[in-house]
Amino acid sequence: MDDIFSQVREGNSLNVRIWLDNTENDLNIADDHQQSLLHWACFEGHANIVDMLISRGARVAGTNMGDDTPLHVAASKGHREVVLMLLQKKVNVNAVNEHGNTPLHYACFWNFELIAEDLINNGALVSISNRCDETPLDKAKASLVDSLQEKARQLGQDVTKVPYEDKSWGTTFKVRTNATLSRNFGLDMKQLNLQGRISNNHSGDIWRGTWQGNDIVAKILNVRHCTARMAREFSEQFPRLRIFNHANILAVLAANSQPPHLVMISQYMNLGSLYHILHGGQADIVVDVHQALKFAVDITKGMEFLHSMEPVIPNLAINSKHILVDNDFTARINMADYKFSFHEKHKEYSPAWMAPEALQKKAEDINIRAADMWSFSILLWELTTREVPFSHLSPMEVGMKVALEDLRVAIPPGTSAHLSKLMRICMNEDASKRPRFDAIIPILEKIYADYSSGR
């Protein structure tokens with residue numbers, strides 16, 4: 001197969017799909033100009049490939065070397081179907097590139113009237129000036145100016161020109177793809193610059209640093225002595241954590257399996273874990289019901305993908321501590337929290353989220369998919385209540401009481417009937433009667449959609 005960029009540009013959707021089905025291929029990969037696959041699909045107007053990439057988790061807010069987003073590209077090429085797809089994803093319609101141009105600037109310059117109207121209907125401002133002090137209307141033909149200006153006024157826009165302001169120094173956050181990261185299996189420790197320890201727990205020390213010019217976190221596994229057997233098992237199990245082509249999974253980028261340290265690195269998520277967001281007292285982050293439901297949908301989609309793999313990945317505890325949140329408030333399952341075979345086998349540090357049978361039986365006797373569904377039900381309860389399950393008890397007490405004394409979370413009064421029913425179904429005492437993630441995704445999406453529309 002030719003390189004994937006050629007396949008995308010030529011519109012070969014079958015080959016693109018085959019390439020994406022390989023979980024180690026990064027759908028946010030970029031060329032030398034930081035043009036991602038989504039940028040090129042938008043450039044050529046291949047709507048089916050755009051839809052495929054977006055559904056697999058391509059970053060719709062990623063920028064190329066000139067700070068163009070995919071929406072800039074689609075608008076400048078007149079591909080209205082693609083523009084509408086991107087607008088449905090709630091992209092930043094007023095994103096500016098290095099010249100200060102918004103997508104509306106390009107739609108006006110090339111006289112794409114319908115696209116210009118679509119952009120304005122979705123919040124594009126006609127008054128933003130670029131570096132040359134030109135608004136989108138200044139770029140439009142005279143025949144288009146009056147109609148666009150009137151539409152903007154009808155939508156309540158102030159059409160007074162807003163002077164260009166250079167915000168590239170940091171007042172405006174721009175999301176770039178991480179496609180410049182090379183996906184090396186082996187990590188050259190000399191390339192890793194550790195800047196400070198963020199936290200430490202039973203599984204390892206978490207450090208913030210840089211690698212290949214990108215912000216990363218490095219997890220140094222907590223092992224007393226790295227033996228040859230541990231290094232071998234680490235090397236055998238690590239590749240399954242390199243899942244790059246799903247929006248709700250945070251892959252491990254690279255790893256070092258050479259003693260004395262076993263190290264994994266992942267993309268840095270500056271919003272931290274879902275647990276920290278829900279319980280860390282961050283006043284500047286508000287998780288309302290709408291956002292909580294969105295997190296729940298994200299997690300179910302990530303889990304559905306992981307459960308579609310054969311064999312299913314074991315030892316990946318599902319709880320809010322292991323869910324990280326991206327800058328666009330997308331929840332992502334952190335593969336670096338995988339529990340390797342050489343980790344402590346009989347100690348559980350977050351039993352509050354674990355299924356009763358997972359606390360009672362041997363690992364080989366547990367239905368992993370059903371146990372993960374129980375864990376998700378506790379996570380859904382946590383998102384609903386904003387409480388830590390069984391916070392008044394020590395982890396040991398929780399584990400004993402859940403396993404032997406039928407300790408269970410109580411769904412509080414006032415919880416919506418649909419969510420209450422879903423939690424009870426997912427928390428069925430009979431593991432064989434718990435649903436699969438592909439079955440509950442449409443249910444949660446319907447609850448989310450109903451709440452979004454006020455029904």
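K90 is exposed, with a relative accessible area of 72% (exposed means over 50%, buried under 20% and partly exposed in between, with a 1.4 Å probe and protein chains only). The model is predicted: local features need pLDDT of at least 70, side-chain atom pairs count only at pLDDT 80 or more, and totals for chains, interfaces and linings use all residues. Residues are numbered from 1 along each chain as its sequence is written, and side-chain values use heavy atoms, without hydrogens and water.

K90 sits in the loop between α6 (80-88) and α7 (103-109). Helices (H or I, at least four residues) and strands (E, at least two) are DSSP runs, numbered from the N terminus. The phi of K90 is positive, near 60°. F329 is not a glycine either, yet its phi is about 65°. This residue lies in the loop between β7 and β8 (331-334). F329 is partly exposed, at 25% relative accessibility. Most residues other than glycine have a negative phi, and most peptide bonds are trans. The bond from E310 to P311 is cis, with omega near -10°. P311 belongs to the loop between α13 (289-307) and β7 (323-325).

The structure contains 22 salt bridges (a side-chain nitrogen of Lys or Arg within 4 Å of a carboxyl oxygen of Asp or Glu). One of them joins K161 to D133, with the closest N and O atoms 3.9 Å apart. K161 is in the loop between α10 (142-154) and β1 (192-200), and D133 is in the loop between α8 (113-121) and α9 (136-139), so the pair ties together parts 28 residues apart in sequence. K161 is partly exposed at 39%, and D133 is partly exposed at 40%. Another bridge links E357 and R434, at 2.7 Å from N to O. E357 is in helix α14 (residues 356-360) and R434 in the loop between α17 (417-426) and α18 (437-453), 77 residues apart. Both E357 and R434 are buried. Shared partners also join R59, D326 and R332 into one salt-bridge network.

One cavity of 30 Å³ or more was found. On a 1 Å grid over the protein atoms alone, a cavity is a set of points where a 1.4 Å probe fits but cannot get out; lining residues have an atom within 4 Å of a point. Grid points are joined across faces, edges and corners, and the volume is the space filled by probe spheres set on them. The largest cavity has a volume of about 30 Å³. Its lining includes W374, F390 and R408.

Notes:
On a 1 Å grid over the protein atoms alone, a cavity is a set of points where a 1.4 Å probe fits but cannot get out, and a pocket is an open set with protein on both sides within 12 Å along at least five of seven lines; lining residues have an atom within 4 Å of a point.
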